[in-house]
Amino acid sequence: MCRPTPRRPPVCSPTGAAADLRARVDAMLAPIGLDRAVRTLRRNAACAARPVGAFDAPAIVLHARHDAVVALAHGEALAARCRRARLQVIEADTHLLPLTHVDACLAAVLSVHEPPRANDA
């Protein structure tokens, strides 16, 4: 069911696979909230125009070990070029990790912002 909204295209209620996708995305965003996620996406879009080596923030490069679209070597190279990035390889053969391996991706992303534990020092 779609309903018009002022100055925006109609908003449709997802069904079937689209509803499942929406639920997965909502679950991924729940820990940080939609507003923070949107701010982060906007900031990342601004950073995308800068050379990768200039990116100086905690980051994680998520990559499937057997991705048939982008070779793992590309993920390794990207992580190596970012000063504060680390590569997280997920045992999978898909290119759409955030959709197919939600829990693994969410845990990896959240680990970037976790403070070090006392026994890790």
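Predicted model: local features only at pLDDT ≥ 70, side-chain atom pairs only at ≥ 80, totals over all residues.
Biologist: Take α3. Which residues are buried there?
Modeller: Helix α3 covers residues 72-81, and L72, G75 and A79 are buried in it.

Biologist: Where do they sit, looking down the axis?
Modeller: The buried residues of α3 fall within an arc of 60 degrees, so they line one face of the helix.

Biologist: What covers them?
Modeller: The cover includes the strands β3, residues 59-64, and β4, residues 85-90.

Biologist: Which exposed residues are on the face turned away?
Modeller: H74, A80 and R81 are the exposed residues on that face of α3.

Biologist: Switching to the surface. Which residues form a nonpolar patch?
Modeller: L21, V25, L96 and L99 do, and together they have about 280 Å² of accessible area. L21 belongs to helix α1, residues 16-29.

Biologist: Why does L21 count as partly exposed?
Modeller: Because its relative accessibility is 37%, and partly exposed lies between the 20% limit for buried and the 50% limit for exposed.

Biologist: How much of the protein chain is buried?
Modeller: Of its 121 residues, 18% count as buried. The accessible surface is about 8,900 Å², with 60% of that belonging to carbon and sulfur atoms.

Notes. Residues numbered from 1 in each chain as written. Heavy atoms only, no water. Patch = residues over 30% accessible without salt bridge, like charges linked within 9 Å, V, L, I, M, F, W, Y side chains within 5 Å. Areas by Shrake-Rupley, 256 points an atom, 1.4 Å probe, with all protein chains shown as cover. Salt bridge = Lys/Arg side-chain N within 4 Å of Asp/Glu carboxyl O. Helix = DSSP H or I, 4+ residues; strand = E, 2+ residues; numbered from the N terminus. Buried < 20%, exposed > 50% of the residue type's maximum accessible area, 1.4 Å probe, protein only. Arc of directions from axis to C-beta. Contact = heavy atoms within 4.5 Å.
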